[in-house]
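Subject: Structure for you to look at

Hello,

Here is the structure I promised. Please open it next to this email and follow along.

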Amino acid sequence: MRLPRLVRRIGKRVVSATPILRRHMLSSTDYRVLSGVEEARSLTAASAGWLAARTVARQERAYQGLIAAMKRGEPRLDFKVAAEAIAATGIAHPNLLEVGCGSGYYSEVFATLLPHGVRYTGIDYSDAMIARARAHYPSAVFDVADATKLPYADGAFDIVFNGVSLMHIIDYQAAIREAARVAARYCVFHSVPVFVGYRTTFLRKYAYGAPVAEVVFDKPELLSLCRDAGLRLEREWAGIAYDVYDATGHHSTAETYLFSR
């Protein structure tokens, strides 16, 4: 039974005001600017983060309602943008690699929102994420792999799709180069948080209860790295609002980029 609106509002205020509840019940919270890449590496090494089964389960629960809404014909903006970016390549049934696939839910997004679907392979560095993905989507291909050292040949996939994971890869320069290397035709970097007019910044946040490192990119730097990797920007889309002003003093947004090889 749905709770009255006033009760829901009070509940949200209580959660937001209570650190332990906030960190364990909200998907992203408690942002803090890190000193730089070395502190980000130290945080990643010290925290189970995305490797923890508890984090995987909490993320899965958060996305169950979004997947159900999509199947009712009400996809969230980021799902629609992801499908639109793949459709914009003009490839009817592409061989697609998702880098940082998590529990594999974008395989379901593409199967639902793209008329001809995709031939999907997903990789993630987290064994716990891949175990969950294989359990949920047994017909798809999933591998444990490092985004900065992909175990595939040059041009192995029509499209490399990095969905909401570039922001969590500390060596993002290598991840961009590797995505470009194994893509035969297109790369999509999806829901990337960017500043316009401020430097690339490393932050710590709590994601589904676990402390993780995150990167918010200087957009010109990001696009320059992609050009250096041999990618040409074709289109970009605005995404769901993602503003880290309270932590950084600078406004950010989330964008999706389609690059051709």
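This is a predicted model: local features need pLDDT of at least 70, side-chain atom pairs count only at pLDDT 80 or more; totals for chains, interfaces and linings use all residues.

Residues are numbered from 1 along each chain as its sequence is written, and side-chain values use heavy atoms, with hydrogens and water left out.

Aromatic pairs

Rings of Phe, Tyr and Trp (its six-membered ring) pair if their centres lie within 6.5 Å; planes under 30 degrees apart are stacked, over 60 edge-to-face, and the rest tilted. The count by this rule is 15 aromatic pairs. One of them is F110 with F161, edge-to-face, at 5.1 Å centre to centre and 85 degrees between the planes. F110 sits in helix α6 (residues 105–113) and F161 in strand β5 (residues 157–163), so this pair ties together parts that are 51 residues apart in sequence. Helices (H or I, at least four residues) and strands (E, at least two) are DSSP runs, numbered from the N terminus.

Buried means under 20% relative accessible area, exposed over 50%, and partly exposed in between (1.4 Å probe, protein chains only).

Y152 and F157 also pair edge-to-face, at 5.1 Å centre to centre and 90 degrees between the planes. Y152 is buried at 17%. F157 is buried at 6%.

Ring pairs also link Y63, F79, Y105, Y106, F110 and F161 into a cluster.

Helix α4

Helix α4 (residues 53–71) has 19 residues. From first C-alpha to last, α4 reaches 26 Å, close to the 27 Å expected at 1.5 Å a residue. That expected span is 1.5 Å times one less than the number of residues. A kink of about 30 degrees in α4 is centred on Y63. The bend at a residue is the angle between axes fitted to the seven residues ending there and the seven starting there. Buried residues of α4 include Y63, I67 and M70. Just after α4, G73 has a positive phi of about 90 degrees.

Helices α8 and α9

Helix α8 (residues 172–182) packs against helix α9 (residues 219–228) at an angle of about 40 degrees, with the axes 9 Å apart. Axes are lines fitted to C-alpha atoms, for helices over the stretch in contact, and angles run from 0 to 180 degrees between N-to-C directions.

Best wishes
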